Amino acid sequence: SGDSVERLGGYDWLGGEVEATLLVARSVGALEGIGWAAQETQRLLSQPAGQRDVVGVRRRAFEEVICKRRGFRSQEFGVFVEKGGRNMDRIHTITGKWASS
């Protein structure tokens with residue numbers, strides 16, 4: 001199959017806030033962030049949806065990837081994730097699950 005945990009949309013939807021957290025980690029963290037997000041995605045997909053700890057994902061992303069980038073504070077990260085998560089949820093609702101033809 002064409003599933004890939006290294007990019008948004010290459011796996012089952014994890015919810016806007018989680019997806020936004022992973023997107024920021026990939027973007028800000030460069031290769032380290034991409035690797036972290038792939039591992040985190042695999043970990044999340046192995047858990048039942050109701051047992052995924054969104055707050056824990058945000059905390060780990062900040063502590064393990066984001067805080068290493070100069071000038072990126074926890075408060076800014078929180079704003080990006082909250083706003084981005086809402087927007088990503090809206091887009092996901094509008095577009096539904098994309099399938100290649």
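## A tour around helix α1

Begin by selecting Arg26 and Tyr11, whose side chains are joined by a polar contact of 3.2 Å (a polar contact being a pair of N or O atoms within 3.5 Å, where within protein one must be able to donate a hydrogen and the other to accept it, and where residues adjacent in sequence count only if both atoms are side-chain atoms). The model is a predicted one, in which local features need pLDDT of at least 70 and side-chain atom pairs count only at pLDDT 80 or more, whereas totals for chains, interfaces and linings use all residues. Residues are numbered from 1 along each chain as its sequence is written, and side-chain values use heavy atoms, with hydrogens and water left out.

Stay with Arg26, which lies in helix α1 (helices are DSSP runs of H or I with at least four residues, strands are runs of E with at least two, and both are numbered from the N terminus). Arg26 counts as buried because its relative accessibility is 10% (buried means under 20% relative accessible area, exposed over 50%, and partly exposed in between, with a 1.4 Å probe and protein chains only).

**The whole chain**

Now zoom out and colour by secondary structure, which shows four helices and zero strands, in the pattern α-α-α-α along the sequence. Of the 101 residues in the chain, 37% are buried. Among contacts between residues at least 6 apart in sequence, 55% join residues at least 24 apart (contact means heavy atoms within 4.5 Å).

**Helix α1**

Select residues 16-28, the 13 residues of α1, which reach 18 Å from the first C-alpha to the last, close to the 18 Å expected at 1.5 Å a residue (the expected span is 1.5 Å times one less than the number of residues). The buried residues of this helix are Gly16, Val18, Glu19, Ala20, Thr21, Leu22, Val24, Ala25 and Arg26, and they pack against α2 (30-45), α3 (54-64) and α4 (74-95).

**From α1 into α2**

Move on to Ala30, which follows α1 and lies in helix α2. Ala30 has a positive phi of about 50° although it is not a glycine, and at 44% relative accessibility it counts as partly exposed.

Show α1 and α2 together: their axes come within 6 Å and cross at roughly 155° (axes are lines fitted to C-alpha atoms, for helices over the stretch in contact, and angles run from 0 to 180 degrees between N-to-C directions). That angle makes α1 roughly antiparallel to α2 (under 35 degrees counts as roughly parallel, over 145 as roughly antiparallel, 65 to 115 as roughly perpendicular and the rest as oblique). To display the contact, select Val18, Leu22, Ala25, Arg26, Ser27 and Val28 of α1 with Ala30, Gly33, Ile34, Trp36, Ala37, Glu40, Thr41 and Leu44 of α2. By class, this contact of α1 with α2 has nine nonpolar, three polar and two charged residues (Ala, Val, Leu, Ile, Met, Phe, Trp, Tyr, Cys and Pro count as nonpolar, Asp, Glu, Lys and Arg as charged, and the others, Gly among them, as polar).

Within α2, centre on Glu40, which counts as buried at 6% relative accessibility. The side chain of Glu40 makes a polar contact of 2.6 Å with that of Arg43, and, leaving aside neighbours within four places in sequence, Glu40 is in contact with Leu22, Val57 and Arg60.

**Across to α3**

Next, select α3, where Gly56, Val57, Arg58, Arg60, Ala61 and Phe62 are buried and where the buried residues pack against α1, α2 and α4. At the N-terminal end of α3, look for Asp53, which caps the helix with a side-chain oxygen 3.4 Å from the backbone nitrogen of Val55.

Bring α1 back beside α3: the two pack at an angle of about 10°, with their axes 10 Å apart, and are therefore roughly parallel to each other. Here Glu17, Val18 and Thr21 in α1 meet Val54, Val57, Arg58 and Ala61 in α3, a set that divides into four nonpolar, one polar and two charged residues.

**Last stop: Glu17**

Finish on Glu17 in helix α1, which is partly exposed, with a relative accessible area of 30%. The side chains of Glu17 and Arg58 are joined by a polar contact of 2.6 Å. Not counting residues up to four places away in sequence, Glu17 touches Val54, Arg58, Val81 and Gly85. Select Arg86 as well: Glu17 and Arg86 are 69 residues apart in sequence, yet 7.1 Å apart in space, C-alpha to C-alpha.
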